[in-house]
Amino acid sequence: MSAVRRSRMENVEIMKYRTKIFAAALLLIGATSAWSQGPMQGMEHSGMDHGRPTAATMSQPDTPKQPAPDPDVRDPHAYSDGYDFGAIPRPRMGDEHSRGALLVERLERGFADEGNSTAYDLQAWYGRDYDRAVLKAEGERAAGKLQDARTELLWGRAVASFWDAQLGLRHDSGVGPDRSWLAFGIQGLAPYWFELEATGYLGQEGRSALRVAASYELLVTQKLILQPHVEANLYGKSDPERELGSGLSTLTAGLRLRYELKREFAPYAGVEWSGKFGDTADFARVAGAPTRETRVVAGVRFWF
Amino acid sequence: MKRYFPSHVILPDLPRRRFVQGLAAGGALLGMSPLVVPARARAAGASSAPVLAATEFDLVIAQSPVNFTGRPRMATTVNGSIPAPTLRWREGDTVTLRVTNRLSETASIHWHGILLPFQMDGVPGISYTGIAPGETFVYRFKVQQSGTYWYHSHSGFQEQTGIFSAIVVDPADGDPIRAQRDYVVQLSDWTDEDPNRVFAKLKTQSDYYNFDQPTAGQFLRDVSREGLSAAREKRAMWNQMRMNPTDLADISAYTYTYLTNGATPAGNWTGIFRPGERVRLRFINSGAMTFFDVRIPGLKMTVVQADGQNVEPVTVDEIRIGVAETYDVIVEPKDEAYTIFAQSMDRTGYARGTLAPRAGLAAAVPVLDKPQPLSMSDMMGAMSGGAMSGMTGMNHGGAGEVRVRHARTEYGPSTDMRVDTPRTSLDDPGIGLRNNGRRVLTYADLHTIGAPLDPSGPEREIELHLTGNMERYTWSLDGLEFGKSTPVHFRHGERLRVVFVNDTMMTHPMHLHGMWSELESPDGRFQVRKHTVSVQPAQRVTFLVTADALGRWAWHCHLLYHMDAGMFREVVVA
């Protein structure tokens, strides 16, 4: 049986398995929040005490049922009647000051049968409320060398109440040749408090990629927080030098339990499962590397 | 950063007690400042600001060491004390106030609620350029009113770090309010943190200071009590909307120590009285971010003045005092001690004082009320009942439906909700006070004695919406922060109606400088004259303004961090 043929047969198995993985990943996030998605018609029981039954009364700017802006919306500048600020330089308030923050979401050591590793995942930003520079970096070091690192520098612009559009560059390094990409995507908070990131990438030689990540924060207590996290990477075409196949390449699902000693500082422990799929899995097998890995992780989350 | 299930109160654990209660001897470390006003020792539990009664005043803004929690900090002070000296003026006098800035940054003093020429109003960038380091600015104006007011810095976060105090103006021809004792009770909130850091934290994680968030444990309790579907329904709307029903205050006792006349709860400011006396308490909320719910167990409070203006007396058990508001009450204590209990709206802590016939007496301190989660009416206003039930056209409270016109700039990232059918009633005491078994003051109870300033109706309307995005911690008017705004023009001499619609889930105390805000009842009658109007979540209020004060004025939310975030406008009267 040729390698190709074996690979095809396995692909069938993988397809089945992949479906299971996706189902499991969705369950992981879905189960923790199933309770939150109660039927909308149940709202009249929601503990209001001034309620009167009547029409829909509140709108949120970026919900699907958002009404089109009232045709006779007000012009917020109409009240100025042409007056501007006076001779004294007007106050500069917080909305016109830039500030920044660094959030190290994960800085951890992973323990697995296949060997231990160190990983980081951070985001930093600098700028104002609706326009800012965003740095995203994620990477893993094992066996004494940087295995894989993704670093993105983006311009983030608020486009809706809970969503920022992002545009910039991504650079991949680690084992294999470096790759650079043009990056564009969205990041924000979906209904029911899911944190979502979806970024598309265009690289050289017709390469393309898609990265989707979702996480959720479940408060066990005020300071003990369980965070499921799922991340998927897809590629438009195969990149053998980096051992990446087209289609779904990697899927990672983690569950971390942290204790916030302070809001800014929380040690955590958890478990992370990761899998390689399609041709990416084949590349791994050829290299004698595992296609499935479960790691116990321990680390710290901090920001300032 | 996302929180899901309503939960119960987390009481402070033991190591936090001293922090919440503060030091018994906490306060400005007088004697260490080079510019000391002789003041009594804080340890006596009778800390109070010195009182200066004159027509000429010398006020010096400087840094002073303080210690409210066991951790020494530097505060910004006036004449070395927190609160600053109480200023006692007389209606009709011309007062001169020489304010010297000994800080290394620009400073200012704004006379809150006082009618004066706009150049004397003390807002850097609007009234003047501020007081540069080392400089002295001379304020001089004629006092045209009487009552209880206050003053504070209008620069950066200096108000949070200590620059505030009381102004008491005696009427020119005798005070119609009789009292044998007269105390200022000035409530405030102190943090050991740098306020700039507090602001930065809120920008990074807006629920940073909220430790009463919905948790899984609470959800499970609800499931066992009410069943799965009921527990889910209770949360569905909030979670779908990405709103937090426990978002009652942006900053809590996690960092705040609440003060009465500069004294911590442990320090226990005490006002002495003789049994049988009528005692006038001038409550002033000088908190940067804290609404206080004030009561004196065992005593009825008769409210006689609001924002410096005498009102028809109304007797209540409890008053929610918004930031920057003042209420004067008369109490008639018997021969025993009473606790003045001012719990924060989010029920994480309290300011406390004592009224006693003799020094050293104290009464029991009540336990904090359980915090109540926000209700659907706080999100949706009048039409909260069954927003999706398809029934239409029902009015609320007889007030009639009102037309709401959102600004074009409210449809974007600067807002997280808009209220299309706001509540117009004034008789809601607000979240946490509804049906609590006590008689709680509402704006519907307040009636200014006498007629409005101008009996004629408004010539036109200005509608402004109070807006924000809690997740981003941005605050604005009409969806525009100050930096993107243009001034609001009032025509000189006109009478106009202002319509505020609160498109957020927080209560905003809106302060118009230089001119009165004459609040109207839902059916358009004159209700009460105020300098600061608290607008509840999803509420619409209207008030009339006589634009008789030429010049440029500030108009803003008096929650300090909301103001700094840009919930601010300049008004041009021309």
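Let me start with a sheet in chain B: six strands, open, in the order 12-11-14-19-16-17, with mixed pairing. Strands here are DSSP runs of E, at least two residues, and helices are runs of H or I, at least four residues, both numbered from the N terminus. Two strands pair if DSSP finds at least two bridges between them. The edges are strand 12 (256-260) and strand 17 (309-316) of chain B; each has a single partner strand, so one side of each is left without a neighbour in the sheet. From one strand to the next, the twist averages 20°, with axes being lines fitted to C-alpha atoms, for helices over the stretch in contact, and angles running from 0 to 180 degrees between N-to-C directions.

Before going on, this is a predicted model: local features need pLDDT of at least 70, side-chain atom pairs count only at pLDDT 80 or more, and totals for chains, interfaces and linings use all residues. Residues are numbered from 1 along each chain as its sequence is written, while chains are lettered from A and ligands numbered from 1 in the order in which they are written.

Inside that sheet, strand 11 (residues 181-191) and strand 14 (residues 279-285) of chain B pair in the parallel sense over seven bridges. B:V184 stands opposite B:R282 in strand 14 of chain B.

Next, another open sheet in chain B: five strands, in the order 13-21-20-15-18, also with mixed pairing. Its edge strands are strand 13 (269-272) and strand 18 (318-321) of chain B, each pairing on one side only. Strand 20 (residues 338-344) and strand 21 (residues 350-356) of chain B are antiparallel, over six bridges. Across from B:Q343 is B:Y350, in strand 21 of chain B.

Now the core. A nonpolar core is a set of buried Ala, Val, Leu, Ile, Met, Phe, Trp, Tyr and Cys residues joined through C-beta atoms within 7 Å. Buried means 20 or more other C-beta atoms within 10 Å of the residue's own; exposed means 12 or fewer, partly exposed in between, with C-beta atoms placed from the backbone. The largest such core has 149 residues, and B:I167, B:F283, B:V303, B:V329 and B:A342 touch the most other members. Apart from it lies another core, of nine residues, including A:V230 and A:L251.

Over chain B as a whole, 62% of the 574 residues count as buried. The chain has six helices and 33 strands.

Last, confidence in chain A. Its mean pLDDT (the predictor's confidence in each residue, from 0 to 100) is 83, and 77% of its residues reach 70 or more.
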